[in-house]
Amino acid sequence: MEPPISTKSRLTPDSSLRSYYLFQELAAEVVVVGAKKIEILSQEMEFNEKALIKQLGKYKFRDLTIEELKNVHKKFPELKSSMDIYTFSDGSQKDLLNLIGTIPVRYQGSSYNIPIRIWILDSHPFGPPLCFLQPTSNMVIRLSDISLRSKLEAGEQRFGKVTVLGDGDLGMACAMSILAKEVAEKLAFISTSENAMKGGSLDMEIFSLPRVEISNDFSNSAGSNVVIITANTWSGEESYLKALQSNVDLFRKIIPNAVRYSPNCVLIIASQPVDVMTYVGWKLSGFSSHRVIGTGCNLNTQRFQSVLRKHLKSSIEKEAWIIGEHGENEVAVWQGPEVGGGRIRSPDIITDHDSRKQLAYRVVKGLKEKGQRSWSVGLSVADLTETILRNLGRPHSVSTLMKNRYEISGEVFLSLPCMLTMAGVENVTAPMLSQDEEAKLRSSAATLQSLLQQLKI
């Protein structure tokens, strides 16, 4: 007959039989609490068999139980035993023997003393013991292993909360990609459209997903570590400037609300045109520029690096970048394969400058023909989100403030390699460019400045 299930939290909730084997092998991982205790072992931790015989008078297999307790005592002499009242889930109660104390558990090269409590049923050993963790008031977990600490800092688990503002195709793609990467503990999906039938929030709500909260109330975004803006108002029926102003007007509604509820977040702008809207988001948020980034050239940089890596069969992440204005005026930068002392990383790699330039041109041309769809931008956003939430310190080509770089004096946002952490942009790298490439960046900056001056922000 199966023993009653306790309402208390068990160490092995899915298998009481497993608890029995753990107990028999003296490897149980559980600890103690107590109500009223009748000590059976002496203060010197000697095994008091006579006392046990007396206390276990109602146990059906007393002798077998005592033999197993002897073995447990040899391995864990500091475990104390007592008779206490155990309440089952159906409300019935019994006086049962239980073991209380700590046992050492090895984990990744370190030993931890885990507090446990094991209740021995009166049908033991044919009824498996009930095993529980028993936290104590002074229980402390200390990280003594440096590699474990670094994993917690730079993360192999989900961290923090993410909000996606905008329930169009791009918002849906961002949310699904972030969920697939399992980098966020919680995701708030906030609709910014007045008509729920137009956006994806209705579908997200119908097919409920784990860790996702769907709402049109900005208060549900409170406490987010990362807020992603995907909202757009493009209709195709307006002039470019009017459509852009409509986007700015939308941002004037949503950005203040976003930062009001998440004042310590990092803003990721994915709305188009991304360089313009990143500037708008920065101005409306009141944040320092390092806490507002645009998706910029991250996607095309990842594609660029991937194609070159496959072609050259070599790692080129620190050398190949797409920077500048997102779109037709992007600049492909490939510093070449040489590192320290001019040593070549791979014998197959292209070392001639003109050949590199031709290859880069072909790759960039292919990327422009490929274009960018919502799902691919969503994957790029999830990539950025992972770097920030897990504090990875990875470089990404994202839209950032360009003032005082490449002789750009105005406040405009263009893409450059940025090291991202949980605080946002920690460091910006300005690659060495040719005169023509620098001129192209300055031309983009001037165009954006002119456009921004026409907007009412």
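Tutor: An axis is a line fitted to C-alpha atoms, for helices over the stretch in contact, and angles run from 0 to 180 degrees between N-to-C directions. Helices (H or I, at least four residues) and strands (E, at least two) are DSSP runs, numbered from the N terminus. The model shown here is predicted: local features need pLDDT of at least 70, side-chain atom pairs count only at pLDDT 80 or more, and totals for chains, interfaces and linings use all residues. Residues are numbered from 1 along each chain as its sequence is written, and side-chain values use heavy atoms, with hydrogens and water left out.

Student: At what angle do helix 9 and helix 11 pack?

Tutor: Their angle is about 90°, and the axes of helix 9 and helix 11 are 9 Å apart. Angles under 35 degrees count as roughly parallel, over 145 as roughly antiparallel, 65 to 115 as roughly perpendicular and the rest as oblique. Helix 9 and helix 11 are therefore roughly perpendicular to each other. On the helix 9 side, the contact uses Asn298, Leu299, Gln302 and Arg303; on the helix 11 side, it uses Ser376, Val377, Ser380, Asp383 and Leu384. Contact means heavy atoms within 4.5 Å.

Student: How do the residues of the contact of helix 9 with helix 11 divide?

Tutor: Three are nonpolar, four polar and two charged in the contact of helix 9 with helix 11. In this scheme, Ala, Val, Leu, Ile, Met, Phe, Trp, Tyr, Cys and Pro count as nonpolar, Asp, Glu, Lys and Arg as charged, and the others, Gly among them, as polar.

Student: Is Leu299 buried or exposed?

Tutor: Buried means under 20% relative accessible area, exposed over 50%, and partly exposed in between (1.4 Å probe, protein chains only). Leu299, which lies in helix 9 (residues 298-312), is buried at a relative accessible area of 11%.

Student: How do helix 5 and helix 11 cross, and which way is the crossing handed?

Tutor: The axes of helix 5 (residues 169-181) and helix 11 (residues 374-389) come within 7 Å and cross at roughly 45°. Helix 5 and helix 11 are therefore oblique to each other. A crossing is left-handed if the near helix is turned anticlockwise from the far one by less than a right angle, and right-handed if clockwise. The crossing of helix 5 and helix 11 is right-handed. Its residues divide into nine nonpolar, four polar and four charged in the contact of helix 5 with helix 11.

Student: Where is Met176 found?

Tutor: Met176 is found in helix 5 and is partly exposed, with a relative accessible area of 41%. Leaving aside neighbours within four places in sequence, Met176 is in contact with Met204 and Leu209. The C-alpha atoms of Met176 and Trp375 are separated by 9.0 Å, although these residues are 199 apart along the chain.

Student: At what angle do helix 8 and helix 12 cross?

Tutor: The axes of helix 8 and helix 12 (residues 435-453) cross at roughly 55° and come within 11 Å. That makes helix 8 oblique to helix 12. The crossing of helix 8 and helix 12 is right-handed. Asp275, Val276 and Tyr279 in helix 8 meet Leu448, Leu451 and Leu452 in helix 12. By class, the residues of the contact of helix 8 with helix 12 comprise five nonpolar, no polar and one charged.

Student: Let us turn to the backbone. Which residues does a cis peptide bond join?

Tutor: Most residues other than glycine have a negative phi, and most peptide bonds are trans. Here a cis peptide bond joins Gln272 and Pro273, with omega about -10°. Pro273 is found in the loop between strand 9 (266-269) and helix 8 (274-285).

Student: What is the phi of Glu182, and what is the phi of Tyr406?

Tutor: Phi of Glu182 is near 55°, a positive value in a residue other than glycine; phi of Tyr406 is also positive, near 55°. Glu182 sits in the loop between helix 5 and strand 6 (186-190) and is partly exposed, with a relative accessible area of 42%. Tyr406 sits in the loop between strand 15 (394-401) and strand 16 (413-421) and is buried, with a relative accessible area of 11%.

Student: How many helices and strands has the protein?

Tutor: The protein has twelve helices and 17 strands. Of its 457 residues, 47% count as buried.
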